[in-house]
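Have the 3D view open while you read.

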Amino acid sequence: MPAAVSSGATGVRQFLLPDLGEGLTAAEIVAWHVAPGDVVELNQILVEVETEKAVVELPSPFAGRVVALSAQPGGTVEVGAPIVSIETGPGAADTSANGEATSEKVSVLVGYGPSVPPPSRRRGRSAGRGRHDHPRQAAAAPAAAAAAPPPPAGGAHPSGSRPLAAPPVRFMARQQGIDLHGVAGHGPGGIITREDLAAHVATTAPTTAARDDPDRETRAPVHGVQKHMAEAMVRSASTAPQACVFLTVDVTASSELLERLRANRRFESVKLTMLTLVARAVVLALRDHASLNSSWDEATSEIVTKRYVNLGIAVAGPRGLVVPNVKEAQDLTLVDLAAALAALTEQARAARSTPADLSGGTVTITNVGVFGVDAGVPLLNPGEAAILALGAVQRRPWEHEGDIALRDVVTLSLAFDHRLVDGEGAARFLAAVGEILVDPTNLIALA
């Protein structure tokens, strides 16, 4: 995740929005941690931005005094566009985090990825191919608004001109069927804000009693993580032929094992749940059923089988569903896997998953049981061959050793891409996972 830095006037440096990975082209400003006039240190957090995948904190690539912010919260900025200007006077740090001078080049922050091409080259290569249906140079509307003339009196924009508005505002307008040419903009340089759009709706809404009822309908803009999830699920359903198999198993022995492990001092610092054992069972079962850990290469029509397992865990966070994944899960012990799952889940629920956490998954587990649901048909995470849904563990009458007894029972649901996995392969894999949970000594025997 490179932090692009460009030279401005003498002693002033512009921090350009870095490339946050996975082909993302823009981000929305969530919250600033600094204001004009503030003195900042190297690597001090400046701002939180939200991409389609995650909320990311951006540190300062140099020390100095904040001169100006180029976008306000809610505004969208393109990758490579300036977001903040910082004056680096005598005595202030004037180098990037890797120790190199910032003039005439793009610097890279500590722990970040390769450099971003300068904005001029990026526009020439990818103009018109952005995520939004507007020119790329308009995506950073808050930054460009100062140079734009204000709309005519009364708020009517000339029919041949393009009203100034950030992508989230344009999206809201499209959702509500509003022509922005008729909306008065009161933001900097006449830019149309969310408040302007809301005021326009309030003044033009029907006056009938039924439609004036504020509880009749509600609307909410979809952006960031939630928008990415929606688009991913559409791609999943429309590109992969999906099928599903189910298996209900007696996991009483696994429940008893969890109780014993929780009392073991080696496990006292980690959270152990049925999901932990299921995750370990999935990793072990993939050793003999590698087709469930593969992907389809559209460009070459080839099946790519992975010999590593980046195990995804679906988490319902405050900004929508995200799927962070445990890298190289096949190399982790049960203790390490439990700790990794707990850490990723905690970060996701705090909306602090990084783009790296959310990229590169090979197979996924979703725990619908935490909501009291017995079973479901999950949708594949795009690019993966399988997703396993873990249902609620319930105490039920069950056949045990020739008699009926109350046992802990759970239903496993496996959705799979039928291009990569046939019904037999999916059924055998699910049976292998179930066998490990029925007799968890396999967790040791197969480790």
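What follows goes from the whole sheet to its strands and their paired residues.

A quick word on ground rules: this is a predicted model, in which local features need pLDDT of at least 70 and side-chain atom pairs count only at pLDDT 80 or more, while totals for chains, interfaces and linings use all residues. Residues are numbered from 1 along each chain as its sequence is written, and side-chain values use heavy atoms, with hydrogens and water left out.

Start with the overall layout: four strands make an open sheet in the order β6-β5-β3-β8, with antiparallel pairing. Strands here are DSSP runs (E, at least two residues), numbered from the N terminus, and two of them pair if DSSP finds at least two bridges between them. At the edges you'll find β6 (55-59) and β8 (76-78); each has a single partner strand, so one side of each is left without a neighbour in the sheet. From one strand to the next, the twist averages 40° (axes are lines fitted to C-alpha atoms, and angles run from 0 to 180 degrees between N-to-C directions).

Now zoom in on β5, residues 45-50, which pairs with β6 in the antiparallel sense over five bridges.
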